[in-house]
Amino acid sequence: MRLGGQSLQSEEGVVFSERQVREYRATDGSTFSVTFAAEAEIPERWTSPKSGMEGQLLEEDGSLAAHTVKVEKPARTHWDMLLERRTRAELEELLEERLQYLRARRGKTTDKKAS
């Protein structure tokens, strides 16, 4: 027996997850199949593993799947999240407090260096 060549485990008692096979048509007219998990969200486009061309999802009857447009929400910035928790006046007050603290600290460190 070769080392690592074959597994000594049997497939007895192994339960495979449910799968679905979907067809795609490449731009040159060729078709190819891709296997997905049964609960997976199927992408509308997939790259062919043989030709490298992009294929479009086919329906069960062989027609091209209807193209759906997903509306994406704009990403929330740090500023947006801050404004959800505090008002602009509160943020300006906090900024002023921090600036005063930093200015006071800077003044103390320069006095220590001078002595």
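This is a predicted model: local features need pLDDT of at least 70, side-chain atom pairs count only at pLDDT 80 or more; totals for chains, interfaces and linings use all residues.
**View 1. The four-stranded open sheet, with its strands in the order S2-S1-S4-S3****.** The four strands of this open sheet pair in the antiparallel sense. S2 and S3 are the edge strands, each of them pairing on one side only. Taken on average and with direction ignored, neighbouring strands of the sheet are turned by 40 degrees against each other. Within the sheet, S1 and S4, the latter covering residues 54-57, are joined in the antiparallel sense over three bridges, and Tyr-24 has Leu-57 of S4 as its bridge partner.

**View 2. The hairpin of strands S3 and S4, with six residues between the strands****.** Strand S3, made up of residues 45-47, runs antiparallel to S4 and is joined to S4 by three bridges. Thr-47 has Glu-54 of S4 as its bridge partner, while Trp-46 stands opposite Gly-55 in S4. In this hairpin, Gly-52 takes a positive phi near 80 degrees.

**View 3. The largest nonpolar core, which has eight residues****.** The members of this core are Tyr-24, Ala-26, Phe-32, Val-34, Phe-36, Ile-42, Leu-57 and Ala-65. Strand S1, residues 19-26, and strand S2, residues 31-37, each supply at least two residues of the core, and the largest share, three residues, comes from S2. Leu-57, listed among the core residues, is also the bridge partner of Tyr-24 in S4. For Val-34, another core member, the contacts beyond four places away in sequence are with Gln-20, Val-21, Arg-22, Tyr-24 and Trp-46.

**View 4. Salt bridges at Glu-84 and Arg-76** **and at Arg-88 and Glu-92****.** The structure has a count of four salt bridges, among them the one between Glu-84 and Arg-76, whose closest N and O atoms are 3.2 Å apart. Because Arg-88 and Glu-92 are four residues apart in helix H2, which spans residues 88-114, they are separated by about one helical turn. Arg-88 counts as exposed at 52% relative accessibility, whereas Glu-92, at 49%, counts as partly exposed.

**View 5. The two aromatic pairs of the structure****.** In one of the pairs, the rings of Tyr-24 and Phe-32 have their centres 5.7 Å apart and their planes at an angle of 15 degrees, so the pair is classed as stacked. Tyr-24 is buried, with a relative accessible area of 0%, and Phe-32 is buried as well, with a relative accessible area of 9%. The rings of Phe-36 and Trp-46 have centres 5.2 Å apart and planes at 85 degrees, so this pair is edge-to-face. This pair links distant parts of the chain, with Phe-36 in strand S2 and Trp-46 in strand S3, 10 residues apart. Phe-36 is buried, with a relative accessible area of 10%, while Trp-46 counts as partly exposed at 35% relative accessibility. Tyr-24, Phe-32 and Phe-36 are listed among the residues of the largest nonpolar core, and Trp-46 is one of the residues that Val-34 touches.

Note on methods:
Residues are numbered from 1 along each chain as its sequence is written. Side-chain values use heavy atoms; hydrogens and water are left out. A nonpolar core is a set of buried Ala, Val, Leu, Ile, Met, Phe, Trp, Tyr and Cys residues joined through side-chain atoms within 4.5 Å. Buried means under 20% relative accessible area, exposed over 50%, partly exposed in between (1.4 Å probe, protein chains only). Contact means heavy atoms within 4.5 Å. Two strands pair if DSSP finds at least two bridges between them. A salt bridge is a side-chain nitrogen of Lys or Arg within 4 Å of a carboxyl oxygen of Asp or Glu. Rings of Phe, Tyr and Trp (its six-membered ring) pair if their centres lie within 6.5 Å; planes under 30 degrees apart count as stacked, over 60 as edge-to-face and the rest as tilted. Axes are lines fitted to C-alpha atoms, for helices over the stretch in contact, and angles run from 0 to 180 degrees between N-to-C directions.
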